[in-house]
Amino acid sequence: MKPTLKFFRKLILRLSAAALLVFVLVLGFYGIKGYQMYRNAVAEKNLEERVEEIRGAENFTAYSQMPQFYIEATISTEDHRFEQHCGIDPIAICRAAWTDLKAMAFVEGGSTITQQLAKNMLFTQEKKIERKAAEVFAALKIESKYTKQEIFELYANTVYFGSGYYGIYEASMGYFGKEPMELTDYECAMLAGIPNAPSIYSPDVNKDFASKRTEQVLDCMVKNKVISRKEAEGHID
């Protein structure tokens with residue numbers, strides 16, 4: 001092997017090892033900070049107390065009172081491996097990390113429905129690396145204590161739908177003047193798409209954007225084989 005080639009090979013190996021070491025140290029640093037953030041949150045008020053507060057809300061909507069189409073639309077759009085993962089989705093996290101790295105900013109979160117519930121229940125909405133780490137610890141704990149139906153139920157009752165509406169009941173009444181079980185499939189798809197960016201996709205803000213987002217939700221349902229393309233086209237107003 002030529003001396004120059006050998007030198008560059010060693011250099012690449014050393015740089016790779018150094019990069020890996022830095023990655024592990026950064027991961028450990030934010031992991032520790034995230035765990036402490038999680039511990040502080042549950043010390044202030046534990047998960048069980050927070051869950052009971054949500055369930056005790058005046059307009060709490062049980063899983064059985066939600067349209068199946070809304071449930072399927074939300075899972076298809078927000079977290080299509082929801083039924084399979086343990087609270088975190090490594091595939092989504094890696095994809096989001098790569099997207100964020102290329103953009104050098106928080107562009108894609110990669111959060112599961114369970115992580116979003118953890119954020120809604122325990123943390124602020126501020127985008128920090130340690131908060132994302134804290135979400136992981138909280139999500140794993142939530143998954144160990146509650147069923148998938150219970151987790152979805154809690155998520156749907158705490159997520160922000162824009163225009164000041166928190167939870168599916170407020171959003172259903174506020175946007176459409178009807179209770180959740182009375183929603184049409186199209187209205188369900190629209191609600192499923194709003195939480196991704198409530199300030200943009202709220203029909204009160206921009207009806208065109210809300211409609212386009214609803215079509216994206218229906219496309220996700222087709223992609224995940226929940227409905228057919230013909231059914232999706234039939235739901236478009």
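## Crossing of H9 and H11

Helices H9 and H11 are roughly perpendicular to each other, a term that covers angles of 65 to 115 degrees. The axes of H9 (residues 185-193) and H11 (residues 207-223) cross at roughly 100° and come within 8 Å. Here axes are lines fitted to C-alpha atoms, for helices over the stretch in contact, and angles run from 0 to 180 degrees between N-to-C directions.

On the H9 side, the contact (heavy atoms within 4.5 Å) involves Tyr-186, Ala-189, Met-190, Ala-192 and Gly-193, which meet Ala-210, Ser-211, Arg-213, Thr-214, Val-217 and Leu-218 in H11. The residues of the contact of H9 with H11 comprise 7 nonpolar, 3 polar and 1 charged. In this division Ala, Val, Leu, Ile, Met, Phe, Trp, Tyr, Cys and Pro count as nonpolar, Asp, Glu, Lys and Arg as charged, and the others, Gly among them, as polar.

## Model and overall fold

This is a predicted model in which local features need pLDDT of at least 70 and side-chain atom pairs count only at pLDDT 80 or more, whereas totals for chains, interfaces and linings use all residues. Residues are numbered from 1 along each chain as its sequence is written, and side-chain values use heavy atoms, with hydrogens and water left out.

The protein chain contains 12 helices and 0 strands; helices (H or I, at least four residues) and strands (E, at least two) are DSSP runs, numbered from the N terminus. Of its 237 residues, 43% are buried, meaning under 20% relative accessible area with a 1.4 Å probe, protein chains only. Among contacts between residues at least 6 apart in sequence, 61% join residues at least 24 apart.

## Crossing of H5 and H7

The axes of H5 (residues 113-122) and H7 (residues 148-158) come within 9 Å and cross at roughly 50°. That angle makes H5 oblique to H7. Ile-113, Thr-114, Gln-116, Leu-117 and Asn-120 of H5 make the contact with Ile-151, Phe-152, Leu-154, Tyr-155 and Thr-158 of H7. The residues of this contact divide into 6 nonpolar, 4 polar and no charged.

Helix H6 (residues 129-145) has 17 residues and, at 1.5 Å a residue, should span 24 Å; its end C-alpha atoms are 25 Å apart, which agrees. The expected span is 1.5 Å times one less than the number of residues. Buried residues of H6 include Glu-130, Arg-131, Lys-132, Ala-138 and Ile-142.

Ser-172 lies in helix H8 (residues 167-176) and counts as buried because its relative accessibility is 0%. Leaving aside neighbours within four places in sequence, Ser-172 is in contact with Gly-177, Lys-178, Glu-179, Pro-180, Leu-183 and Leu-191.

Technical notes: Buried means under 20% relative accessible area, exposed over 50%, partly exposed in between (1.4 Å probe, protein chains only). Angles under 35 degrees count as roughly parallel, over 145 as roughly antiparallel, 65 to 115 as roughly perpendicular and the rest as oblique.
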